[in-house]
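User: I am new to reading protein models and would like to go through this one step by step. Could you show me the structure?

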Amino acid sequence: MYTTLPDPDHQAGFYADVPIKRALAWVVDAILIAIMTMVVVPFTLFLSLFFLPLLYLTISFLYRTISLARHSATPGMRLMAIEFRDRTGAKFDPGTAFLHTLGYTLTISTLLPQLLSMGLMLTTARGQGLTDLVLGTVAINKPARI
């Protein structure tokens, strides 16, 4: 199934510390999204305060989809030197970025899938969350350029 992805037993370096890096990247991304949300609010004449969670969710969805489509990583992930790969080992295309973001958004919308996803990241050989398992994607340490 994952014939072109790094093997977690023979190439463990690709997966070393990825769950903690993903958590730290998530914090960085959440802060950046919150800042972007605060910047947008005045441009709506503060009317967006009435639907602030929806505005945050929309900005988060666009932020994640665009950054994953362009770099196969969010800015937080790039800071932590990790990136996503699809089941063939390729970087994300726009469709995969959209599907991954949609899966992520659905997963974090309720507690049980969110806890399940975090548990999977800590216990699976490739550190895959729920959305990763469904799509066959992985987060890996970014390979060094030669």
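User: Into which classes does the lining of the largest pocket fall?

Analyst: This is a predicted model, in which local features need pLDDT of at least 70 and side-chain atom pairs count only at pLDDT 80 or more, while totals for chains, interfaces and linings use all residues. Residues are numbered from 1 along each chain as its sequence is written, and side-chain values use heavy atoms, with hydrogens and water left out. In the classes, Ala, Val, Leu, Ile, Met, Phe, Trp, Tyr, Cys and Pro count as nonpolar, Asp, Glu, Lys and Arg as charged, and the others, Gly among them, as polar. On that basis, the lining of the largest pocket has 14 nonpolar, 8 polar and 4 charged residues.

User: Which residues lie nearest the centre of the largest pocket?

Analyst: On a 1 Å grid over the protein atoms alone, a pocket is an open set of points where a 1.4 Å probe fits, with protein on both sides within 12 Å along at least five of seven lines, and lining residues have an atom within 4 Å of a point. The lining of the largest pocket is made of 26 residues. Those nearest its centre are Arg22, Ala23, Trp26, Tyr104 and Met121.

User: Which element gives the largest share of the lining of the largest pocket?

Analyst: Helices (H or I, at least four residues) and strands (E, at least two) are DSSP runs, numbered from the N terminus. Two or more lining residues come from each of helix H1 (18–43), helix H2 (52–71), helix H4 (94–108), helix H5 (111–123) and helix H6 (130–135). The largest share, 7 residues, comes from H1.

User: In what order do the elements of the chain run from the N terminus on?

Analyst: The secondary structure of the chain comes to 6 helices and 2 strands. Read from the N terminus on, these elements run α-α-α-β-α-α-α-β.

User: What is the radius of gyration of the chain?

Analyst: The radius of gyration is taken over C-alpha atoms, and the globule rule is 2.2 Å times the number of residues to the power 0.38. For 146 residues that rule gives 15 Å, and the chain comes close to it, so it is as compact as a globular protein of that length. The radius of gyration of the chain is 16 Å.

User: Is Asp17 buried or exposed?

Analyst: Asp17 has its place in the segment before H1, and its phi is near 65°, a positive value in a residue other than glycine. Buried means under 20% relative accessible area, exposed over 50%, and partly exposed in between (1.4 Å probe, protein chains only). With a relative accessible area of 53%, Asp17 is exposed.

User: Is Ser72 buried or exposed?

Analyst: Ser72 is found in the loop between H2 and helix H3 (75–79). Its phi is near 60°, a positive value in a residue other than glycine. At 1% relative accessibility, Ser72 counts as buried.

User: Which residues does Ala73 touch, not counting residues up to four places away in sequence?

Analyst: Ala73 is found in the loop between H2 and H3, and at 1% relative accessibility Ala73 counts as buried. Contact means heavy atoms within 4.5 Å. Not counting residues up to four places away in sequence, Ala73 touches Ser67, Leu68, Arg78, Ile82 and Glu83.
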